[in-house]
Amino acid sequence: MAAQDAATILVVEDEVAQLETLRYNLEKEGFRVVAADDGEEGVLVAREEMPDLVVLDWMLPTLSGIEVCRRLKSSSETSDIPVIMLTARGEESDRVRGLEIGADDYVVKPYSMGELIARIRARLRKTRPSAVGKTLAFEDISIDTEQHRATRADKPLKLGPTEFRLLTVFMERPKRVWSRDSLLDRVWGMDADVDLRTVDVHVGRLRKVLNSDGARDLIRTVRGAGYSLDSDA
Ligand code: CA
């Protein structure tokens, strides 16, 4: 079942089997799916539902995919909705035309579901980042970078903004050893006028919050090298 803030995807596809496969896979990914099986209806449903993204088949009854795309892109209400077109293999000129009239991306049939979902997520990351959600997990620590929430053993961690960014950097690449310099660049920015000892201070604070409740220390201090998030800390 789709979450409450799930992105809505309109699928315009006249082949029932294809439509149902798409619906099944997109819903499994947590999206809300609305559908239309011809071009006219596609335009109507888009205006009614204002989806976060449209997956649009090229060959459609009543109005072609390209005409649907043109109408969506030329109306101020719907012009910002990203459109991914499903095109037939080898029709290079069609693809160029699709992009010319404003389609945001295209996938060639027969496409892999994984590829299509990756393209959808890439688009939504720009327009609806919260709907794509970014959760990182390591051991019993988990963070949601979109919602700015961190937990350890399902208990919320009270982190300051710097500690949160520090933890995000560690969580993105567990076990990697970060020098103080590289942490400084990543967390404070290249131009920051910050003393290297500041890094130690914030790592210390992060460690304290993570280890409250007497939890196992997962931040490893690598003498002369820096810090890492590691189960063998
Ligand atoms: Ca079709």
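How exposed is Lys155, by relative accessible area? Lys155 is partly exposed, at a relative accessible area of 48%. I will come back to that residue. Please keep in mind throughout that this is a predicted model.

Let me start with the overall layout. There are two domains: domain 1 covers 8–128, and domain 2 covers 133–229. Taken over C-alpha atoms, their centres are 40 Å apart.

Now the metal site. Which residues supply the protein donors of the calcium ion? They are Asp14 and Glu15, through OD and OE respectively, then Asp57 through OD and Met59 through O. The distances to the ion run from 2.1 to 2.8 Å. Along the chain, the donor spacing reads D-E-x41-D-x1-M. Asp14 sits in the loop between β1 (8–12) and α1 (16–28), while Asp57 belongs to strand β3, residues 53–57, so this pair ties together parts 43 residues apart in sequence.

Are those two aspartates buried or exposed? Asp14 is partly exposed, with 28% relative accessibility. Asp57 is buried, at 3%. Two of the calcium donors, Glu15 and Asp57, also turn up in a network of salt bridges, together with Glu13 and Lys109.

Next, Asp38. It lies in the loop that runs between β2 (32–36) and α2 (39–49). Asp38 is buried and yet has no salt bridge. The nearest side chain of opposite charge is that of Arg71, 9.6 Å away. What does the side chain of Asp38 reach, then? It reaches the backbone nitrogen of Glu41, at 2.9 Å. Leaving out residues up to four places away in sequence, Asp38 touches Val12, Pro61 and Thr62.

Arg71 has a partner elsewhere. Its side chain meets that of Glu67 in a salt bridge, at 3.1 Å from N to O. Both residues are in helix α3, residues 65–74, and because they are four residues apart there, about one helical turn separates them. Arg71 is partly exposed, with a relative accessible area of 31%.

That brings me to the salt bridges in general. How many are there? The count comes to 18. I will go through two more of them.

One is between Arg121 and Glu29, with an N to O distance of 3.0 Å. Arg121 lies in helix α5, residues 113–127, and Glu29 in the loop between α1 and β2, so the bridge ties together parts that are 92 residues apart in sequence. Arg121 is buried, at 19% relative accessible area; the cut-off for buried is under 20%. Glu29 counts as partly exposed, at 32%.

The other is between Lys155 and Asp213, at 3.3 Å from N to O. This pair links distant parts of the chain, 58 residues apart: Lys155 is in strand β9, residues 155–156, and Asp213 is in the loop between α9 (196–211) and β10 (219–222). Here we are back at the opening question, with Lys155 partly exposed at 48%.

To recap: the calcium donors are Asp14, Glu15, Asp57 and Met59; Asp38 is buried without a salt bridge; and the salt bridges include Arg121 with Glu29 and Lys155 with Asp213.

Note on methods
Residues numbered from 1 in each chain as written. Predicted model: local features only at pLDDT ≥ 70, side-chain atom pairs only at ≥ 80, totals over all residues. Heavy atoms only, no water. Domains from an automatic or database assignment. Helix = DSSP H or I, 4+ residues; strand = E, 2+ residues; numbered from the N terminus. Buried < 20%, exposed > 50% of the residue type's maximum accessible area, 1.4 Å probe, protein only. Lys, Arg positive; Asp, Glu negative; His and termini not counted. Salt bridge = Lys/Arg side-chain N within 4 Å of Asp/Glu carboxyl O. Polar contact = N/O pair within 3.5 Å; in protein donor to acceptor, adjacent residues only side chain to side chain. Contact = heavy atoms within 4.5 Å. Donors = N, O, S within 2.8 Å, 3.2 Å for Na, K, Ca; no water.
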